[in-house]
Amino acid sequence: MTNLILDQLTRHYGSVKALDGFTHEFAAGQVHALIGKNGSGKSTFVKMMSGAIQPTSGSIGIGNAKIVFSNPREAQRAGIATVYQELSLVPELSVEENIFLGRLPEKRTGLVDWAELRRTTANLFEEIGGLDIAPNTRVADLSVGQQQMVEIVKAMSFRPKVLQLDEPTSALAQAEVRQLFTLVRRLRDLGVTIIYITHRLSELDQIADTVTAIRDGKFVDSVPIKDAGASVILDMMFGDLPPLERPVHTITRDEPVLSARHLALAPHFEDVSFDLYPGEVLGIAGMLGSGRTELLHCLFGALLPDQGEIAVNGQVVTRPDIRTMKALGIGYTSEDRKHSGLVQLLSSHANLCLAGLGRIAPKGWISHTSERPFVDLQIAGLHIKAGDPMLPVSSLSGGNQQKIVVGNWMNNAPEILLFDEPARGVDVQAKRQIYELIWEKAREGLSSIVVSTELEDLTECCDRILVLRDGHIAEDFINEGLDTKDIYAACMAVSKNQPESDA
Amino acid sequence: MSRTKFISLLRRNSMLIILMVLYVIVATTAQGFFSINNQLNILRNIAVPGMIAFGMALVIIVGEIDLSVGSMVAVSACLTAWIVEKLAGNAFEPAAWTVIAAFAGTLLFAASVGFLSGKLRQLVNVPTFITSLAMMATLAGLANLITNGVPISSFPSWYYVIGSGRFWGIPVPVYLLAIAFVITFTIANFTALGRSIYAVGGNMEAARLSGINVWRTKTICLMTTSVFAATGGIIYSSLVNAGNPTIARGLELEVISAVIIGGISLFGSKGTIWGAFIGVLFLGVLLNAMTLWGFNPYVQQVIKGGLILGAVFINFFIDRR
């Protein structure tokens, strides 16, 4: 057997034990979901298995053979391949070129042997049971889901015994997730040990054979999927966790704080109208590619709609741009912490004081001392575990980074806050804290719009849910014991008459 | 102080420590290095590259670059001399107001060029590496154009004071350097603009979505650098008592080297004005020492180049921990 055997695997960072005596045997030919909240040691695990960092002590073995490697290439050679959340394909090259990047077959003359490349790729595709992508397609022309599959095929071309998948579905639409799972199952049936890291607990049923949890750097337990109900999983991840109740608060829906009328932005949506009322938490659901982010950008003034009107407190905004909207009390927290939400190089302190600069420094003068109260307020109010706030924000976990994004806007005292995927890539606990924060602020009068791919998140968090479909608001649900399935059905009506390549 | 704190203190001030080591080495090996006169001499020599380096630091932190500063120095010197010549006509000793008008005109010109660079960056979305390269050639050409390639000597007799004069024993350019330091240091550390500069340089999109005026921020940095370069041009025009189109060739390299030596990252958002000062001083001390040591100027050039690489390596290893 070629089981993956980890014995007392440990990694220290200074005095911190990021991974602490992790011991477990992962059976070959199974998909092992590895779960754990942010900061549990999961990413240390992935990095160590991929060869990016080395264990302080302990050993890794495949079957009876101990393997040692000191960088990702050696790890690959030793039989462990890793596919990261962030894609590393060259968009301008074809699928086959990407798969065999750096080791293209050559003729005697030193020129690329294209025929041989075509053959090898075809063999590889056949071996893994076929892939619905032409090998000579330019990667840039593929959807994110297809690119993810190319990454996996590329990893498979090294004939690994162990394949690590780090949140492969986080950017995928439902249909693409299904295709990806089909591929993963085929690889499993070829006898590969698959370590599947995910935040999406709802996926486990569909793909995992066992669920293994890691908490505070330690191995907690590993159970077969049939025994891993939601409560078991949450217990493994968090110990005890009280259930989450959305507080009931009355919303008077007569005078909207924000109104959109006939907003159009090609090619995303053509006629979007709705109202947001004071203290309301309004969810917007829709499939990937339905233009949810673009809609928020329009409301925030970051994108100019082709047509339509936006009114704040009954006043039509004639030329919406970010500064105007900000002055009217609107804020926007980005879905993408790394690329547009935070300045990763700067400290948590600095990142908490960007949107509120005008408020913190009304005359333009500023100092660390004058910023300090604003920083402390958010760190305390949002339960941010930042350690030293002067350290780069990139050193924080995803959940804490997300809270910094929110705190940055809280420091501008917004009246309307647009949350774009506030729960993306954060663990259940951090997600709950973010929802609790949204509710708390709602009671104080903040009106919010929340956009999420995870429909369960919307039913959990929002007072009212709009469904964005075919370029307009298709449904308007008041969330009183709403069933996620209803929203799902309302969203999915799209796929009947719209091609999927839109996603 | 704990050990880790001490190490991080060392790391943050690594360039300062290297500078101090250099001081000790030079002081023990080069005759006359530590005389007050020589020290003031160093400060006067770094005044012009120094003030431009402070502006350049802001430009690089905000994520841009300005390769045209050398040409800006030259064209400013020429423009100042040209305006004085035009206004003074045939007067043997041009009136003071002609000089003041020339200063105003030159600084205004420089500010407009900086503004134009910012606007170009915004509207055409071409990297400033390219636009400032074009600007470098254009301004150098302009300097030749207004002087016909021959230095203009039009200044009144007291004009030398700006470059060579002293107040309380300290050269006038050193005061200007100090003012430039205070201005840029204040911007970087104590203004909302400074915070915006670091944010824009670190992540333009995040800054934009935080409601920061990205283009205004970049334009102000470019304008500041242009104006400092023009001030440098005025100082040089006084030092050589003429508007000479050939001065300050390659000054941009010296300025950018100093900024890099000072630990400012070309990727933006990282570095300080204090660092830029250390970098400039380091370069100034080294050049001075090499002259005192009697190094051949060509050797000096080679060492200057190697220094940039050395500084980049040091910063790379410090960053990697």
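1. **Ground rules.** The model is predicted, so local features need pLDDT of at least 70 and side-chain atom pairs count only at pLDDT 80 or more, while totals for chains, interfaces and linings use all residues. Residues are numbered from 1 along each chain as its sequence is written, and chains are lettered from A and ligands numbered from 1 in the order in which they are written.

2. **Domains of chain A.** Chain A is assigned domain 1 (4-238) and domain 2 (256-329 + 414-503); such bounds come from an automatic or database domain assignment. The C-alpha centres of domain 1 and domain 2 of chain A are 34 Å apart.

3. **The largest nonpolar core.** A nonpolar core here is a set of buried Ala, Val, Leu, Ile, Met, Phe, Trp, Tyr and Cys residues joined through C-beta atoms within 7 Å. A residue is buried if 20 or more other C-beta atoms lie within 10 Å of its own, exposed if 12 or fewer, and partly exposed in between, with C-beta atoms placed from the backbone. The largest such core has 229 residues, and Ala57(B) and Val259(B) touch the most other members. Helix H3 (residues 36-61) of chain B gives this core its largest share, 13 residues. Domain 1 (4-238) and domain 2 (256-329 + 414-503) of chain A each contribute at least three residues to this core. As for naming, helices (H or I, at least four residues) and strands (E, at least two) are DSSP runs, numbered from the N terminus.

4. **Around Ala57(B).** Which residues does Ala57(B) touch, not counting residues up to four places away in sequence? They are Thr184(B), Val259(B), Ile264(B), Gly271(B), Ile273(B) and Ala276(B). Contact means that the two C-beta atoms, placed from the backbone, lie within 7 Å.

5. **H3(B) against H8(B).** H3(B) packs on helix H8 (residues 172-190) of chain B at an angle of about 20°, and the axes are 8 Å apart. Axes are lines fitted to C-alpha atoms, for helices over the stretch in contact, and angles run from 0 to 180 degrees between N-to-C directions. The two helices are therefore roughly parallel to each other; angles under 35 degrees count as roughly parallel, over 145 as roughly antiparallel, 65 to 115 as roughly perpendicular and the rest as oblique. The crossing of H3(B) over H8(B) is left-handed. Among the residues making this contact are Ala57(B) of H3(B) and Thr184(B) of H8(B). For handedness, a crossing is left-handed if the near helix is turned anticlockwise from the far one by less than a right angle, and right-handed if clockwise.

6. **H5(B) against H11(B).** Helix H5 (residues 96-124) of chain B and H11(B) cross at roughly 150°, their axes coming within 8 Å. This crossing is right-handed. The residues that meet include Phe103(B), Leu107(B) and Arg121(B) in H5(B), and Trp215(B), Met223(B) and Ile234(B) in H11(B).

7. **The contact between the chains.** Chain A supplies 25 residues and chain B supplies 20. On the side of chain B that touches chain A, helix H9 (192-202) and helix H10 (204-209) each supply at least two residues. H9(B) gives the most to that side, with 7 residues.

8. **Backbone spots to look at.** A cis peptide bond joins Ala266(A) and Pro267(A), with omega about 0°; Pro267(A) sits in the loop between strand S11 (258-265) and strand S12 (269-276) of chain A. Glu421(A) is not a glycine, yet has a positive phi of about 50°. Glu421(A) lies in the loop between strand S17 (416-420) and helix H16 (428-443) of chain A. Is Glu421(A) buried or exposed? Glu421(A) is buried, with 24 other C-beta atoms within 10 Å. Ala248(B) likewise has a positive phi, near 60°, in the loop between helix H11 (214-239) and helix H12 (251-261) of chain B. Ala248(B) counts as buried because it has 28 C-beta neighbours inside 10 Å.

9. His24(A), in strand S2 (residues 16-26) of chain A, is partly exposed, with 17 other C-beta atoms within 10 Å. Asn144(B), in helix H6 (residues 128-147) of chain B, is partly exposed with 16 C-beta neighbours inside 10 Å. Not counting residues up to four places away in sequence, Asn144(B) touches Gly149(B) and Pro245(B).
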